[in-house]
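Please read these notes alongside the model. They are meant for someone who has not seen it before.

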Amino acid sequence: MSPRSARISKYTCPPVLFAATALACLLPSAHGASTRDARARQAGGAAAAQRPAPTPEELGDEDILKIDTDLVLVDVTVTDARGRAVRGLRPEDFKLYEDGEERPVAFLNVERRTGAERPVAVVFAVDVSGSMTPEEMARLQTAMRAFSEKLSNRPASFALMSFGMNARVIQNFTSDPRKLNRALGRLAREANGLSTHAYDAVDDAVRLLARSAPRTLDRRLLKKAVVVVTDGFPVGDTVAPSTVIERANQAEVSVYTVTLPSYTRLLASAAPERAPLPTPLDVSGLVEKTGGTNFYATANDYEPLFRALAEEVTSTYVLAFYPPEEKRRDGRLHTIRVEGPRGLSVRQNRTAYQSKGK
């Protein structure tokens with residue numbers, strides 16, 4: 001089957017159509033058939049010129065997804081002026097642009113209104129450097145359990161990494177909450193650690209998702225996310241932020257950050273009545289350009305914050321489009337931009353995609 005034939009579809013093959021096709025093949029007049037073919041091509045060309053663009057589909061998990069290799073997917077989160085997730089939007093509520101040119105939306109995938117939930121794969125990347133306090137580490141473990149419990153009503157798989165002087169995997173992907181709990185108990189603070197390899201850790205987490213997480217699970221599109229928990233000061237990284245963003249875009253991964261209070265205690269201007277200053281992770285564009293969100297924790301809100309984060313991770317739409325033929329195999333980087341209804345904010349998990357080479 002060619003890539004273009006493996007489109008997203010639900011189809012049957014009527015016996016009448018098969019019989020009519022077989023009868024046409026038995027007609028004796030080759031000259032007449034040739035003449036009719038020429039007329040049919042002319043008529044078909046005129047019809048194609050007048051044919052409107054296909055109407056985008058809204059798909060729930062009850063639909064069988066056949067995702068072909070040319071299809072480009074974009075995760076989109078829509079929020080109102082108060083930062084609350086907006087649900088219930090339709091394909092016609094969005095406009096999608098590739099390299100500045102509008103493209104038809106092939107389909108919009110939403111969670112079925114009868115209650116089915118989109119599966120998720122999440123990598124927790126936890127800062128264990130010396131700047132993290134023992135109190136933060138202890139309370140963090142409880143909050144991360146609250147995050148996983150919030151997602152217990154959907155297919156979910158979690159992995160756990162730590163980073164400081166080095167990034168390492170403590171627990172590979174598991175759907176067993178007991179394994180995750182035991183892994184959280186093994187988080188150990190590096191009391192004398194002077195480096196915080198945050199970008200290296202995110203890069204490793206993206207690679208882990210790209211290698212181990214499928215594109216679909218139980219016929220539903222998988223949401224892939226990295227949740228970085230840190231004090232906000234990356235130090236000693238070997239991978240550039242731009243490289244991490246590019247790899248996250250290619251892997252369709254969103255990056256979310258949780259900045260702990262140890263960051264704001266080091267900033268004299270971070271008084272309680274003022275908004276937190278951006279962290280270096282914010283300034284790099286890592287969160288913004290992968291469709292994630294940065295959460296600032298206080299000494300009192302770890303568990304509610306992580307529950308809100310779980311809601312944020314799962315409140316997304318999936319839009320898809322087909323690039324024009326000439327861009328599908330040119331091997332170049334192409335920009336993607338999504339617009340939503342006026343007055344709402346739109347975040348997307350990738351701002352570009354890399355076309356396959358010939």
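Predicted model: local features only at pLDDT ≥ 70, side-chain atom pairs only at ≥ 80, totals over all residues.

1. Residues are numbered from 1 along each chain as its sequence is written, and side-chain values use heavy atoms, with hydrogens and water left out.

2. There are 5 aromatic pairs in the structure (rings of Phe, Tyr and Trp, its six-membered ring, with centres within 6.5 Å; planes under 30 degrees apart are stacked, over 60 edge-to-face, the rest tilted). One of them, Phe124 with Phe147, is edge-to-face, at 5.2 Å centre to centre and 80° between the planes. Phe124 belongs to strand S6 (residues 120-127) and Phe147 to helix H3, 23 residues apart (helices, H or I, of at least four residues and strands, E, of at least two are DSSP runs, numbered from the N terminus).

3. Phe124 and Phe158 are stacked, because their ring centres are 5.9 Å apart and their planes at 10°. Ring pairs join Phe124, Phe147 and Phe158 into a cluster.

4. Arg139 sits over the face of Tyr302, 4.0 Å from the ring centre, and Arg337 over that of Tyr97, at 4.3 Å (CZ of Arg or NZ of Lys within 6 Å of the ring centre and within 35 degrees of the ring normal).

5. Lys150 is in helix H3 (residues 134-150). Its contacts (heavy atoms within 4.5 Å) include Arg307, Ala310 and Glu311, leaving aside residues up to four places away in sequence.
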